[in-house]
Amino acid sequence: MLEPGQGGGRQGQSVNINMQKVHFVTHEAHRQGKRVYRVDIDFRNVFNAMSQAALWHVMNIFHIPDVDLLEKIYDSATVRLAPNYVESVTVTFNTGVAQRSITSPELFYIFINVLLRMLTVTEQNQGISHVLKIGKNQEDSSQDANHDYQFNVIVFIDGISIFAETPEGMQTLLHVAQEFATWYGMEINIQKPFLLVIDKDRKRR
């Protein structure tokens with residue numbers, strides 16, 4: 001169910017593999033004399049900000065069982081800062097996942113997978129990717145049967161890097177990310193994302 005770009009929470013995947021993919025893009029852009037745009041985006045307080053209602057909706061769309069049970073568990077969750085003090089306020093939550101729960105990472109992967117799928121569909125419909133070519137003589141285990149390795153996103157849990165060949169393509173993907181954030185009540189941390197232009201232009205470095 002998870003998009004191929006997600007490396008978190010999957011057996012046999014790791015940060016090292018994602019770093020190898022990033023290295024591959026950089027190396028091949030230099031070797032092939034092409035330019036690739038990369039943007040790393042970050043959502044502010046992502047694990048606490050994600051909408052629970054949106055999460056249940058997404059899980060129902062994916063036909064994941066026992067969503068109603070999770071809803072009941074989360075609906076009944078409350079906290080009191082001073083539980084023995086009669087005037088203490090009882091606080092309820094409609095965002096975020098439970099801390100220290102073994103289900104929380106998996107719930108987050110399902111939630112963020114919506115964004116990754118939106119990016120993938122946009123790539124497929126509009127042809128947005130790093131567009132670097134891998135031929136039969138390319139010594140790289142990442143190539144598939146068609147000797148093509150196209151993607152527009154590399155993710156590890158909530159660390160997201162998106163790639164495009166043109167500024168226009170990158171802007172389209174950023175619009176998708178902003179649309180996702182708006183829909184689900186999240187906020188992109190504008191202080192952390194940065195743009196990296198990968199090419200052979202030494203002056204740019």
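Predicted model: local features only at pLDDT ≥ 70, side-chain atom pairs only at ≥ 80, totals over all residues.
Residues are numbered from 1 along each chain as its sequence is written, and side-chain values use heavy atoms, with hydrogens and water left out. Local features need pLDDT of at least 70 and side-chain atom pairs count only at pLDDT 80 or more, whereas totals for chains, interfaces and linings use all residues.

The protein has six helices and six strands. These are DSSP runs numbered from the N terminus (helices: H or I, at least four residues; strands: E, at least two). Along the sequence, the pattern reads α-β-α-α-α-β-β-α-β-β-α-β. Of the 205 residues, 41% count as buried. Buried means under 20% relative accessible area, exposed over 50%, and partly exposed in between (1.4 Å probe, protein chains only). Contacts require heavy atoms within 4.5 Å. Among contacts between residues at least 6 apart in sequence, 73% join residues at least 24 apart.

The protein exposes about 12,300 Å², and carbon and sulfur atoms supply 52% of this area. Areas come from the Shrake-Rupley method with a 1.4 Å probe; for residues, only the protein chains shown count as cover. A nonpolar surface patch is formed by Val 79, Val 89, Val 91 and Phe 93, with about 320 Å² of accessible area together. Patch residues have over 30% relative accessible area and no salt bridge; nonpolar side chains (Val, Leu, Ile, Met, Phe, Trp, Tyr) are joined within 5 Å, like charges within 9 Å. A salt bridge places a side-chain nitrogen of Lys or Arg within 4 Å of a carboxyl oxygen of Asp or Glu. Val 79 sits in strand 2 (residues 78-80) and is partly exposed at 33%.

The structure holds six aromatic pairs. The rings of Trp 56 and Tyr 74 have centres 5.3 Å apart and planes at 70°, so this pair is edge-to-face. Rings of Phe, Tyr and Trp (its six-membered ring) pair if their centres lie within 6.5 Å; planes under 30 degrees apart count as stacked, over 60 as edge-to-face and the rest as tilted. Trp 56 is buried at 6%, and Tyr 74 is buried at 10%. Ring pairs also link Phe 43, Phe 111, Phe 180 and Tyr 184 into a cluster.

Thr 120 lies in helix 5 (residues 104-126). Thr 120 is buried, at 15% relative accessible area. Leu 195, in strand 6 (residues 194-198), is exposed at 53%. Not counting residues up to four places away in sequence, Leu 195 touches Tyr 37, Arg 38 and Val 39.
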